[in-house]
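The sequence and structure come first.

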Amino acid sequence: MTIAETVETQTQDIKPPVTHVGILGWMRGNLFNGALNSILTIVTMYLLWKVVPPLIRWAFIDSVWHTTGKACRHAAGACWSVVWDNVRFILFGFYPFDSQWRPLAAMLLLFGLLFYSQNRKHWKKHLIYVWILGLFVMGLLMKGGLFGLSSVESTKWSGLPLTLLLSIFGLTAAYPLGVILALGRRSKLPTMRWLSIVYIEMIRGVPLISLLFMSAIIFPLFLPEGITINKILRAQIAIILFTAAYIAEVVRGGLQAMSRGQYEAAESMGLNYFQTMRLIILPQALKIVIPPTVSILISAFKDTSLVVIIALWDLLKTTQSVLANPEWMGFSPEAYIFVALLYFAGCFSMSGYSRKLERELSAGEQQ
Amino acid sequence: MKAQETRELQNGQSDNAMVEMIDMHKWFGDFHVLQGINLRVEKGERIVICGPSGSGKSTLIRCINRLEEHQKGRIIVDGTELTHNIKNIEKIRAEVGMVFQHFNLFPHLTIVDNLTLGPLWVRKVPKAEAEETAMFYLEKVHIAEQAHKYPGQLSGGQQQRVAIARSLCMKPKLMLFDEPTSALDPEMIKEVLDVMIELAQEGMTMLVVTHEMGFAKSVAHRVLFMDFGRIVEANTPVEFFDNPQHERTKLFLSQILH
């Protein structure tokens, strides 16, 4: 027998022990590899056994879906009727009942546009025109007054469309403003630099609630008589100014991470400041700071719910007002779970998209 | 061949200067890094600058495209004086190519995009033409097959050759090399030097900060030795290496030539 044959027969004969492969092997490796981990696994399983089945029972088996508030009080499980019976008010608030297809259509259009834009292959010039047209149609649907659509005052805009309006426009406007502020803070021009620093530090020094109050109550006092600015617009501007300051600091971090050599290489070719920033520095710096930027965007999205304090009826406020109705009083867990799911869908898709974007942008450059 | 070139350069007219520095000074804070530099670089001339670290040689060539700002004296590049005029600075930078020690390629762009960026945005060349030029120079530095990779996927020597091609795409009148082989592994130095020698043979005006004395001997018209912010000695390579005049030059040569 040659040596090669010996090796071959040996490798064929020996198989890994049963305890190292398959389900048993996995469990041994991941759940019971040591005394402490075994105890933790058992305790966790016990807790899950105590919590999950009752939860499923409450939410799905014993729950009621299409009843009145009275019938709900006799049900053993969740009363999802509070959501289904009031879903139109929760979502659309005071928007005229017969015209609620209009905000619905506007939202669907918005989702469609967002879905279309998330593909980087579509990031071309025509996308700008698509958005301008889309925004016009959405505005028309919401506001009406043209093409036989009845006019709806913006004071009646409420619920989910208002939340989406405040957050999506808040975030898309705050991002470029934040980038400009970050560049300003690192500018060689003293005036630019100091203006940016003062702005960023002032805004970061106050809570969003106080900015919203100022926009709602103090700001109108300074306007000349007879001039009013839409309340939603004022809240929107407050959110933009607030978020931009935070984005500015994150982007500044990305700019500082860039090596001096990148600036020098760009400058030594004769690129001017704006070309250097746009073509060389920002594409790299903004990519580095995608994770913290998305954190800010997510928290800004959730912070839009603070507009309740200046009496704007966003999604959270319409839900609260349903719960204030005596018929539905006491069913707040069900209603808030529903709202939480909507917020979660928004936040989770943002963070999921950021991960996808990061992966795509660094595809070729890895080394 | 080189001797004849040198003679022609010496007979050149006064308007034949590519770079002229007149009593140029620079300080970093209190540190007087360049102390009265007088230097004239003729068109087509190739100069190697050497000297101990901290002697100001990198700073000297970085003043030519104003990556560093001089504070006293004059620098005239191809007939244009360097002042605070930003338009003049950008014009000069477009005419002067620079190769860095650490390559400084743009990692988020493919090789070919690295090369077309300058021509597209500074020279406003049409895209097809810029890409054609880019491929021409990639061929020239023997790296055309990597055109659609990213810089991070290339070796150091390949990156430096791309960096040279990137500068050449701007059709510069003068090339500055700031220790182009210092960051490379030994086996990659030759491939970069070969490209630089080819460039020299085509008559490019070059200012090279390097300690590659073989390169200096074979292509330089003049070798400058700098120490403590001054040009201590400037001579033809033969004279410089065989018959150094100053003690400091001798000491330096004995240290690097072993």
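Two strands pair if DSSP finds at least two bridges between them. Strands (E, at least two residues) and helices (H or I, at least four) are DSSP runs, numbered from the N terminus. The model is predicted, so local features need pLDDT of at least 70 and side-chain atom pairs count only at pLDDT 80 or more, while totals for chains, interfaces and linings use all residues. Residues are numbered from 1 along each chain as its sequence is written, chains are lettered from A and ligands numbered from 1 in the order in which they are written, and side-chain values use heavy atoms, with hydrogens and water left out.

**Strands**

| Strand pair | Sense | Bridges |
|---|---|---|
| S1 (residues 17–28) and S4 (residues 72–77) of chain B | antiparallel | five |
| S4(B) and S5 (residues 80–81) of chain B | antiparallel | two |

Val77(B) of S4(B) is the bridge partner of Val19(B), and Val77(B) also stands opposite Thr80(B) in S5(B). The hairpin of S4(B) and S5(B) has two residues between the strands, and Asp78(B) there takes a positive phi near 50 degrees.

**Helices**

Helix H6 (residues 156–168) and helix H7 (residues 186–201) of chain B pack at about 20 degrees, with axes 8 Å apart. H6(B) is therefore roughly parallel to H7(B) (angles under 35 degrees count as such). The contact (heavy atoms within 4.5 Å) involves residues including Ile164(B) and Leu168(B) of H6(B) and Val192(B) and Leu199(B) of H7(B).

Notes: Axes are lines fitted to C-alpha atoms, for helices over the stretch in contact, and angles run from 0 to 180 degrees between N-to-C directions. Angles under 35 degrees count as roughly parallel, over 145 as roughly antiparallel, 65 to 115 as roughly perpendicular and the rest as oblique.
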